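Try each task yourself before you read its solution.

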Amino acid sequence: MSDRTTLDIIARLVPPGSRVLDLGCGDGALLEQLMRERNCTGYGIEIDDANVLACAKRGVNVIQLNLDEGLPMFGDASFDVVLQVDTLQHLHNAETMLVETARVGRTGIVAFPNFAHWPNRVAILRGRMPVTRRLPYQWYDTPNIRVGTYKDFESLATKNRLSILDAFGLQDGQEVRKLPNLRAGTAVFKFERG
Amino acid sequence: MPLTAEPKVMSFDAPLALSSGASIRGYSLAYETYGTLNAERSNAVLICHALNASHHVAGAYAGQPDNIGWWDSMIGPGKPVDTDRFFVIGINNLGSCFGSTGPMHDNPDTGRVYGADFPVVTVEDWVNAQARLLDGLGIAQLAAVMGGSLGGMQALSWTLQYPERVRHAVVVASAPNLNAENIAFNEVARRAIVTDPDFHGGHFYEHGVIPQRGLRIARMIGHITYLSDDVMNEKFGRELRSAVDGAVRSSYQYSTQDIEFQIESYLRYQGDKFSEYFDANTYLLITRALDYFDPALEHDGNLAKALAAARAKFLLVSFKTDWRFSPARSRELVKALLENRRDVSYAEIDAPHGHDAFLLDDARYHGVVRAYFEHILAEVQGRA
C-alpha cells in the first residue's frame, strides 16, 4: 500500500500548500513527500515507537498518540487535510475517528483495503478468509480489526452526513473508477462535512 | 576517548533584575563546555538542570573518573547530543549549591552570608542569567536548549523570553506548571527542612550546623515521587533487611523504629547521601521556582496564548509511568504549540522508571533525541 505510485496518487489529492494531519503516518514517507513536492506543512500521528523514530529521522513532525483516544488535542477545522491511509482498519473506534477526521480537517482522505475486491470474494466462496498481498494475514492474527468494503464506507459516510468529494479504487498502482467495489483492492475516499 | 570536563566560572558585576522586584549583583555562574564552537557560532546547545543537578552535565573531571556528569548517558562524543558536533554548555543556576552564587555565599551588600536572605529566584530569572552567560561566550543564538523536568521548564521559558535566540527546544518530562499535588509534595519537603531545629530560619551557617534531618526527609519524599510504583515493587517489593548488618531477613523483628523493609533502607540511604552535599536554602529556592513557573498566568491561564511568542521548533518527550510530570502535562504543551502552528514532535516513551526515566538510558528515548539532533545539525550546517 505504501508503494510509490499509490503514495503519488494519494498525494495528488492533497492541494499544494495544505496544512496536513496524517493519522497513522507510519514512517512518515507520505508526509515527507507532501512537504517536499507539494509544499505542505503538518504533523503525523503514530503510536508505534519504531515509526516515531523513523519520522524523527526523516525530520517530519510526529506526535506519539493512540488514535483510539480520539483527537482531543486538535481543534475544529484546524487542518486543510486529514489523512487516514491504511489506518481505519486498525481502529477500535473507526466510526468515531471518521467523524473526528471530518471535524479536524476541512477535507478528509481515507484509504483502506476493500474487502469486496473479487479475489476476496472468491476466497469467501471457497469457504476461507482471504489471504492476499493486500490482506496478508491469517484471520486469527490480523491487525485489520475493521474489515469493510468500498460500498460499506459509502453508507457509513452517508450515515455520518459526510459529503463525498471523490471516490475511487486503487489496484496495481492504477485508479479504478469502474466497479471499484469489485475490481480494486484499496478504496479511496475524499470527503468533507456535509 | 572519555570526555574530560573542566568547571569554569563567569562573574557578573551588573545587577540582574529579578521577577520579585529585587536584584542581585556581584554574582558568579559556574559552567562547563564540551566540544567546539564552530566558526559561525551556530552549534551551541544549552543544557538546563533540574532540582539537584549542576553544570557538570557530561564527562568526568581530570583525576576524578567517578565524578561523572549527570546527563552523561545523553551527552558526549557519539552520544545523542554529540559533543563531537555540538558545543554543549552546562550551567549551574543562581541560588544552587554547586558553584554558582547561592545562599551559602556572601551578600556583597552586607558582607554576610546570604542564608535565608538570598533573593527568591524564578525560572525566568535563571533564563535571564543564562542569557548573560551566553552573551559572555559570544553566542547570539542557540542551536538548541534542552532540559528535563525543571530543566524543561527553563528550555520552554527560553523560547518565550528570547524567541529569536533559540532554534530548537527539547523539553523532556516537563510541564507547563505544577499542579496542586506537585506543589503539595514540594511543601512537605520544605516544611521538613524549615521545621528542623538546625535550620535556624535559614541562617544555620553561622551556627555551624546543617538541617540534615529536614534535608533527609525532603529527599526521601522527593525520591518516592521520582519512581513508579512498578519499579519500586520490582526493586524492593516487601523484602526485609536487617538494620544492623544489612543482611536480608526472612521474618519481622517487631520494631517500629528500626529499618524493617528494604525500601526504608534505600530511602534512608538516599536521604543521608543527599543531606551531606545539598544546601537546605537551595532546596527551598529551587522548589519555589518550580511552584512559581506558570507562563500561562499572565494570559488568563491560556497556555496557547502564552506560547504564541515562541519561534523555536520543539521536541517534547514524556514517560508513561511518570506521575510527577505526567504525559498529560506534556500533551498540554503539545496542544498549545499545535494551536500556534509551531513545528513540534512528541514522543511518549513506555518506560517503567517513572520521572527518573529522563535520566536513564532508553533506546527509544535516546533514538528519538539522536535523530532530532541530527536534523538540528543538518539545519545549522545549511544542509536542510
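Buried means under 20% relative accessible area, exposed means over 50%, and partly exposed lies in between (1.4 Å probe, protein chains only). This is a predicted model, in which local features need pLDDT of at least 70, side-chain atom pairs count only at pLDDT 80 or more, and totals for chains, interfaces and linings use all residues. Residues are numbered from 1 along each chain as its sequence is written, chains are lettered from A and ligands numbered from 1 in the order in which they are written, and side-chain values use heavy atoms, leaving out hydrogens and water.

**Exercise 1. Find where Arg41(B) lies and decide how accessible it is.**

Step 1: Look in chain B at the loop between β5 (27-34) and β6 (44-48), where Arg41(B) lies. Helices (H or I, at least four residues) and strands (E, at least two) are DSSP runs, numbered from the N terminus.
Step 2: Check the backbone: Arg41(B) is not a glycine, yet its phi is positive, about 55 degrees.
Step 3: Arg41(B) has a relative accessible area of 40%, so it is partly exposed.

**Exercise 2. Describe the surroundings of Asn114(A).**

Step 1: Asn114(A) belongs to the loop between β5 (105-113) and α5 (118-125) of chain A.
Step 2: With a relative accessible area of 0%, Asn114(A) is buried.
Step 3: Contact means heavy atoms within 4.5 Å. Leaving aside neighbours within four places in sequence, the contacts of Asn114(A) include Asn120(A), Tyr150(A), Pro180(A) and Ala184(A).
Step 4: Take a closer look at Ala184(A): its backbone oxygen lies 2.9 Å from a polar atom of the Asn114(A) side chain.

**Exercise 3. How many aromatic pairs are there over all chains, and how are two of them arranged?**

Step 1: Rings of Phe, Tyr and Trp (its six-membered ring) pair if their centres lie within 6.5 Å; planes under 30 degrees apart count as stacked, over 60 as edge-to-face and the rest as tilted.
Step 2: Searching the whole structure gives 28 aromatic pairs over all chains.
Step 3: For Phe112(A) and Phe189(A), the ring centres are 6.4 Å apart and the planes are at 10 degrees, so this pair is stacked.
Step 4: Phe112(A) is in strand β5 of chain A and Phe189(A) in strand β8 (residues 186-193) of chain A, so the pair ties together parts 77 residues apart in sequence.
Step 5: Phe112(A) counts as buried at 4% relative accessibility, and Phe189(A) is buried at 0%.
Step 6: Now turn to Trp71(B) and Phe358(B), whose ring centres are 5.9 Å apart with planes at 90 degrees, so the pair is edge-to-face. Both Trp71(B) and Phe358(B) are buried.

**Exercise 4. Which residues form one aromatic cluster with Phe112(A)?**

Step 1: The members are Phe112(A), Tyr150(A), Phe153(A), Phe189(A) and Phe191(A).
Step 2: Link this to Exercise 3: Tyr150(A) is also one of the contacts of Asn114(A).

Methods: A polar contact is a pair of N or O atoms within 3.5 Å; within protein, one must be able to donate a hydrogen and the other to accept it, and residues adjacent in sequence count only if both atoms are side-chain atoms.
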